[in-house]
Amino acid sequence: MNHVIRRAKYSDISGMIRLLRILFSIETDFSFEEGTQQSGLEMMLDDVTTRCIMVAEQKQQIIGMCTAQILVSTAEGGIVALVEDLVVEDICRGEGIGRDLLVAIEGWAIARGVKRLQLLADQKNTPALEFYKKMAWKSTQLIGLQKNGLLP
């Protein structure tokens, strides 16, 4: 295991954009637009209190990433975190990097008093769904819905 898990920095944005291109090629509900993804990453990095990006680095290259942000849940009566953008380079999968990223995000969340983590996964991404199951994530009866086009 020659990777390091750490908080992302602004200088990591180009590596994270490359990873998001990989992720969005798998997730059919999203399309890759570099400027849009860069803007989102910058917003995530601007608020280190309620948002977190963890990266996996190997030989000075970003090979994995995971993002999370805090929300308030009336169901929990407290804060929860939405995990997004967990992705690892194809050639690095199966080396425990995804697990290490998710554990790091869980640690960040626990330190902030988060009561529950939640995420959305593409229902056709069988390897990801199997990974989450191994990591003790449970499916729910909820389905994800979205409404686009709120702003021109």
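Contact here means heavy atoms within 4.5 Å. The model is predicted. By this contact criterion, phenylalanine 24 touches Phe30, Ser31, Phe32, Gln37 and Asp85, with residues up to four places away in sequence left out of the count. Phenylalanine 24 belongs to helix α1. Its relative accessible area is 13%, so phenylalanine 24 is buried. Valine 87 lies 63 residues from phenylalanine 24 along the chain, yet the two C-alpha atoms are separated by 9.8 Å.

The strand pairing was examined next. Strands β3 (residues 61-73) and β4 (residues 78-88) run antiparallel. Nine bridges join them. Within this pairing, valine 72 stands opposite isoleucine 79 of β4. Four residues lie between the two strands of the hairpin. Glycine 77 in this hairpin adopts a positive phi, near 65°. Strand β4 also pairs with strand β5 (residues 117-119). Here the strands run parallel, and three bridges join them. Alanine 81 stands opposite leucine 117 in β5. In a regular strand, side chains alternate between the two faces of the sheet.

Between β4 and β5 the path involves a helix. Strand β4, helix α3 (residues 97-111) and strand β5 form a β-α-β unit, and this unit is right-handed. Helix α3 has 15 residues, which at 1.5 Å a residue should span 21 Å. Glycine 113 follows α3 and has a positive phi, near 80°.

Which residues of α3 are buried? They are Ile97, Gly98, Asp100, Leu101, Leu102, Ala104, Ile105, Trp108 and Ala109. An α-helix has 3.6 residues a turn, so residues three or four places apart point the same way. The buried residues of α3 pack against strands β1, β2, β3, β4 and β5. They also pack against helix α4 (126-134).

Side chains of opposite charge can pair when their charged atoms come close. The structure holds seven salt bridges. One of them joins arginine 6 to glutamate 57, with the closest N and O atoms 3.2 Å apart. This pair links distant parts of the chain. Arginine 6 lies in strand β1 (residues 4-7) and glutamate 57 in strand β2 (residues 51-58), 51 residues apart. The two partners fall in separate accessibility classes. Arginine 6 has 17% relative accessibility and therefore counts as buried. Glutamate 57 has 22% relative accessibility and therefore counts as partly exposed.

Arginine 21 and glutamate 34 meet through their side chains in a salt bridge, at 3.9 Å from N to O. Arginine 21, at 45% relative accessibility, counts as partly exposed. Glutamate 34 counts as partly exposed too, at 43% relative accessibility.

A further salt bridge pairs arginine 99 with aspartate 100. The closest N and O atoms of arginine 99 and aspartate 100 are 3.2 Å apart. Arginine 99 is partly exposed, at a relative accessible area of 36%. Aspartate 100 is buried, at a relative accessible area of 17%. Elsewhere, salt bridges with shared partners join Arg6, Asp12 and Glu57 into one network.

How many disulfides does the structure hold? The structure holds zero. Cysteine 52 is in no disulfide. The cysteine sulfur nearest to that of cysteine 52 belongs to cysteine 66, 8.1 Å away. A disulfide needs two cysteine sulfur atoms within 2.5 Å. Cysteine 52 has a relative accessible area of 0%, so cysteine 52 is buried. Cysteine 92 is likewise in no disulfide. The nearest cysteine sulfur to cysteine 92 is that of cysteine 66, 16 Å away. Cysteine 92 is buried, with a relative accessible area of 6%.

How values were computed:
Residues are numbered from 1 along each chain as its sequence is written. This is a predicted model: local features need pLDDT of at least 70, side-chain atom pairs count only at pLDDT 80 or more; totals for chains, interfaces and linings use all residues. Side-chain values use heavy atoms; hydrogens and water are left out. Two strands pair if DSSP finds at least two bridges between them. A crossover is right-handed if, with the strands pointing away from the viewer, the path from the first strand over the helix to the second runs clockwise. Buried means under 20% relative accessible area, exposed over 50%, partly exposed in between (1.4 Å probe, protein chains only). A salt bridge is a side-chain nitrogen of Lys or Arg within 4 Å of a carboxyl oxygen of Asp or Glu. The expected span of a helix is 1.5 Å times one less than its number of residues.
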